Amino acid sequence: LVSSAREKGYTETIYGRRRYFPGLKSPNRAVRDAAERAALNAPIQGSAADIMKIAMIRADDALREAGLASRIIFADFMMNLWWRLRRARRSVSLRW
């Protein structure tokens, strides 16, 4: 993964989003080492962020389709979504 990033200058998430790492070609070892660690981590963390964003959009669409007024309160570091829903007289199942 790091050798590929050195050749191309970037890494990609599973959805094709790119992150560039000019530091991989740095003559400064500390800068190069930091860029290598980031290049190794970026596809994993970036892919998780991509998946989370898609889940948030799909959940919002499903809630709107069900006619529920909702608001995302926050997404925490463990990739959990917290929603605030107005009281509803029916149950809703979200699938994505």
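Visitor: What does the accessible surface of the protein chain come to, and what share belongs to carbon and sulfur atoms?

Guide: Accessible areas come from the Shrake-Rupley method with a 1.4 Å probe, and for residues only the protein chains shown count as cover. Here the total is about 7,500 Å², with 52% belonging to carbon and sulfur atoms. This is a predicted model: local features need pLDDT of at least 70, side-chain atom pairs count only at pLDDT 80 or more, and totals for chains, interfaces and linings use all residues. Residues are numbered from 1 along each chain as its sequence is written, and side-chain values use heavy atoms, leaving out hydrogens and water.

Visitor: In what order do the elements of the protein chain run?

Guide: Helices (H or I, at least four residues) and strands (E, at least two) are DSSP runs, numbered from the N terminus. This chain has 2 helices and 4 strands, in the order α-β-β-α-β-β from the N terminus on.

Visitor: Is tyrosine 15 buried or exposed?

Guide: Buried means under 20% relative accessible area, exposed over 50%, and partly exposed in between (1.4 Å probe, protein chains only). Tyrosine 15 counts as exposed because its relative accessibility is 52%. Its place is the loop between strand 1 (10-12) and strand 2 (18-20).

Visitor: And serine 26: buried or exposed?

Guide: Serine 26 is buried, since its relative accessible area is 16%. This serine sits in the loop between strand 2 and helix 2 (29-65).

Visitor: Which residues is serine 26 in contact with, leaving aside its neighbours within four places in sequence?

Guide: Contact means heavy atoms within 4.5 Å. With those neighbours left aside, serine 26 is in contact with Val31 and Arg32.
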